[in-house]
Amino acid sequence: MKTLLCTLAIAGSLLDANPVEAKTFSHHHDSCDISLNYDVTAKPQWLSVAENDVERYRIEGDKLFVDGKQVSLNAEQRQLVTQYREGISEQLPKVIGLVDDAMDIATDAVGGALTPLLGDEGSTKLNQALEKLHSRLGDLAYHRGDVYYVGASEESIDAAFNDEFSDEIEQVVMSSMGSILMNIGKSMMDGDMEDFGAKMDRMGEEIEARVDAKSKVLEQHADELCSSFEQLQVTEQQLQQQIPELTKYTLIAGDSDKQ
């Protein structure tokens with residue numbers, strides 16, 4: 001979960017053959033560094049935490065199952081389990097919405113503003129790459145009916161951004177660089193490098209104008225989301241103190257305890 005950095009990272013992944021080198025669903029801020037260690041699925045009264053298609057634990061109502069076995073809980077623990085399930089379930093739609101909004105900003109800003117530099121053909125290829133990236137992100141964060149899913153485990157991220165995807169991005173980058181160099185060469189031949197420089201300046205200003213207002217709203221939402229997950233992290237720590245079976249499965253990680 002990133003704010004403007006998320007938007008720029010998504011766009012910047014098109015300039016990197018290895019677009020995902022860190023947790024996808026993390027938000028790095030001056031006072032907040034939160035990520036998820038596992039894949040999470042939520043639906044009414046039900047929450048599942050899994051890794052590599054293996055369920056680690058799930059919560060049904062106020063009942064807890066760890067490694068497939070129901071854990072006996074007292075009244076206080078059942079209340080805490082319910083509070084945790086409801087809290088996570090409430091945040092997942094916001095995570096999905098944030099990812100979609102960041103992708104929309106990147107597509108609008110980068111795909112639109114780079115057209116004068118890349119030309120129609122190069123711009124079309126870039127937009128196609130952005131669409132593929134959006135589709136891959138859709139495999140990691142989606143809402144289908146009353147089911148919400150966020151895939152944050154290393155296995156899920158690796159599956160979404162595999163070598164095939166990296167190769168596709170690399171091809172787009174090489175093609176885009178070719179279009180840029182051709183435009184630079186044409187400007188040099190025509191003797192209008194000054195006009196080309198002005199075009200570059202306008203492009204930068206357009207990207208900034210397209211991104212600025214929307215990214216501020218996105219950043220506010222991300223900060224709110226990060227604060228909510230920090231509170232849920234405290235609840236998770238309370239759960240682990242009271243229910244030893246959960247200590248080996250930390251879902252919400254800070255900077256000091258990421259897997």
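This is a predicted model: local features need pLDDT of at least 70, side-chain atom pairs count only at pLDDT 80 or more; totals for chains, interfaces and linings use all residues.
Local features were taken at pLDDT of at least 70 and side-chain atom pairs at pLDDT 80 or more, whereas totals for chains, interfaces and linings use all residues. Residues are numbered from 1 along each chain as its sequence is written, and side-chain values use heavy atoms, with hydrogens and water left out.

Six salt bridges were counted, a salt bridge being a side-chain nitrogen of Lys or Arg within 4 Å of a carboxyl oxygen of Asp or Glu. One of them pairs glutamate 51 with arginine 56. The closest N and O atoms of glutamate 51 and arginine 56 are 3.2 Å apart. Both glutamate 51 and arginine 56 are buried. Here buried means under 20% relative accessible area, exposed means over 50%, and partly exposed lies in between (1.4 Å probe, protein chains only).

Aspartate 67 and lysine 248 also form a salt bridge, at 3.1 Å from N to O. This pair links distant parts of the chain, 181 residues apart. Aspartate 67 sits in the loop between β6 (63-66) and β7 (69-71), and lysine 248 in the loop between α6 (193-242) and β10 (252-253). Helices (H or I, at least four residues) and strands (E, at least two) are DSSP runs, numbered from the N terminus. Aspartate 67 is partly exposed, with 36% relative accessibility. Elsewhere, salt bridges with shared partners join Glu55, Arg58 and Glu60 into one network. Within it, arginine 58 and glutamate 60 approach to 2.7 Å between their closest N and O atoms. Arginine 58 is buried, at 18% relative accessible area. Glutamate 60 is partly exposed, at 30%.

Two non-glycine residues with positive phi are described next. Glutamine 45 has a phi of about 65° and lies in the loop between β3 (39-43) and β4 (46-51). Aspartate 53 has a phi of about 65° and occupies the loop between β4 and β5 (54-60). Aspartate 53 is exposed, at 79% relative accessibility.

A nonpolar core is a set of buried Ala, Val, Leu, Ile, Met, Phe, Trp, Tyr and Cys residues joined through side-chain atoms within 4.5 Å. The largest such core holds 40 residues. Tyr57, Leu64, Ile88, Phe229, Leu251 and Ile252 touch the most other members. At least two residues each come from β2 (32-36), β3, β4, β5, β6, α2 (75-113) and α6. The most come from α2, which gives 11 residues. A second, separate core has 10 residues, among them Leu137, Leu140, Ile157 and Phe161.
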